[in-house]
Amino acid sequence: MRKLRRLAENIGFGLAVFVLIAPAILVFLWMLSLSLKNELDNTAWPPVFIPNPPTLNNYRDVFARNDFVLYAWNSIIVSFGATLLALVIGVPAGYGIAKMRAMRAAALILIARITPGLSYLIPLFLLFQWLEMTGTLWPIVITHLVITVPIVVWVMISFFEGLPTELEEAALVDGATIWQAFRHVALPLARPGITVATILAFIFSWNNFVFAMVLAGRETRTLPVAVNNMLTFEQISWGPLSAAALLVTLPVLLLTLLAQKQIVAGLTAGGVKGV
Amino acid sequence: MSQATAASVAGRAAAKRRRNYARRYVWFVVPAAVVIIAVILFPWIFTIYVSAFDWRLGGERRWVGFANYEQLFTDARFGWAVLRTIFYTSLAVVLPMLLGLAAALSFNRKFPLRGLARTIFILPMMATPVAVALVWTMMFHPQLGVLNWLLVQFGLPPSLWVYSADTVIPTLVLVEVWHWTPLVMLLILGGLASLPIDPYEAAKIDGASPWQAFRYITLPLLAPFIVVALIIRTIDALKAFDTIYVITQGGPGQASETINIFLYLQAFAFYNVGYASAVVMVFFILIMALAALLLWTRERVRMT
């Protein structure tokens, strides 16, 4: 009797877990399914779930028509550029803030975390217009710093605070400058933290939509903007649309699968200490 | 000189030494400070300035003082946007919090394939919002969408989803729940992992039921983590823009026009950047007030 109850409990729990993860499975598999079917099957009723036979035509379509490669290249430049710049200035800043215990300065960075990205766009848009920089990728890279710099600084502060200080102090006693202590002692130790910061900054920059939507011209669109434009201009061409959507989000999904541990660590550390 | 003053002088000297020692690290922060001033602080100050103008993008500008703010408080469309934002935010906070708590409790138990299940569960959080929003748009299609087909299979009436003013906001919240419940789950799961086990053993000896153990041990110990998750979720829900914009652009009509969408339309569809800047400032004050309130709650939770 007790065994039976145990079994029922386990089945119930298994069902609950399934209900929790089913929506994620449904959306991603449906995206995949739409991208592998022809237009006839995509608009069939009842819906066709398994592509039969699967076709890659939608993917061919995406690459053939929409300057997709150019937009992918733009996205790569913007995300890598904004992440790299954020690391160069954000890692030392995280170190300095952790050393000075200047948490009030750090709180200023939080303002960027809690306000909508949209609110930065009006002044920056006017500024870039005045500087005649619209039409290049620079405005997009620079505005993405609004996202990447706070992520890097915040992750690095909590990381450097957790590092033992004995080694650096030993280096300082031995006559190293503080820059050398940072460069040769703290920085190598901070590599795991830098990995976390890099991954998170890259993902959030890659996923960002609103900055490029306002600032990008025809030639400088990033992938999320390009994909959104596809929706506006071809209402019911679901196959290519899903193929493009999947291609846009695939890099971050793969990154999430590979670096799940770092992402979870970064988000929870940044989150718990962050607010 | 008394001993106390001597001690305080020594203490002050030590503090000063620490400050001087700390000050050497200022140069590490300077580059980041410059960037933050340029892309975060400057925009705020400039926004205040622009909000005092009747400023048309690509057109003329005229100093109007507080007129934009006065107009805003009598603008019915903005009022509705605020109400919709409150409605959207409260749904988009409460549902992910409840689901996230349930999910965290589930993932805190050991079961086969837990790692895989957790990975699948957190994937939505990292997915590109625009890409996901496009797939949802196709799934919401009233005639051909897979969601209505699923509803019919379960014997439920089909819905108009985002195509009806009555259902558009709950439907958009559904996307938000799908997208961001994983973050709530992770934040609470981190809290669960840090709980001590002694109280549970004591409760077991005293014959407490699992519900009692949850209600009187887990929940109070977890409260600080729940509050942090609540703060982050509230702020993110208020910031929601991408999915709403991609799926409905504020429609049908203005039925899903939240403050963010209203702001976007004013600035970049009507080119009314002065008025939009006033919206930014009001929105900013609302968010900061709410953040302060939530932080205050956190302090109280921490003390009790």
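Nine residues from H1(A) make up the largest share of the lining of the second largest pocket. This is a predicted model, in which local features need pLDDT of at least 70, side-chain atom pairs count only at pLDDT 80 or more, and totals for chains, interfaces and linings use all residues; side-chain values use heavy atoms, without hydrogens and water. Residues are numbered from 1 along each chain as its sequence is written, with chains lettered from A and ligands numbered from 1 in the order in which they are written.

**Second largest pocket**
- This pocket (on a 1 Å grid over the protein atoms alone, an open set of points where a 1.4 Å probe fits, with protein on both sides within 12 Å along at least five of seven lines) has a volume (the space filled by probe spheres set on the points, joined across faces, edges and corners) of about 810 Å³.
- Its lining (residues with an atom within 4 Å of a point) counts 28 residues, with A:Val19, A:Ala22, A:Pro23, B:Leu174 and B:Trp178 closest to the centre.
- Helices (DSSP runs of H or I, at least four residues, numbered from the N terminus) giving two or more lining residues are H1 of chain A plus H4, H5 (114-126), H7 (146-153) and H8 of chain B.
- By class, 27 lining residues are nonpolar (Ala, Val, Leu, Ile, Met, Phe, Trp, Tyr, Cys and Pro), one is polar and none is charged (Asp, Glu, Lys and Arg; the others, Gly among them, are polar).

**Largest pocket**
- The largest pocket has a volume of about 1000 Å³.
- Among its 25 lining residues, B:Arg109, B:Tyr200, B:Pro210, B:Ala213 and B:Thr218 lie nearest the centre.
- H10(B) gives the most to this lining, five residues.
- The lining has 15 nonpolar, six polar and four charged residues.
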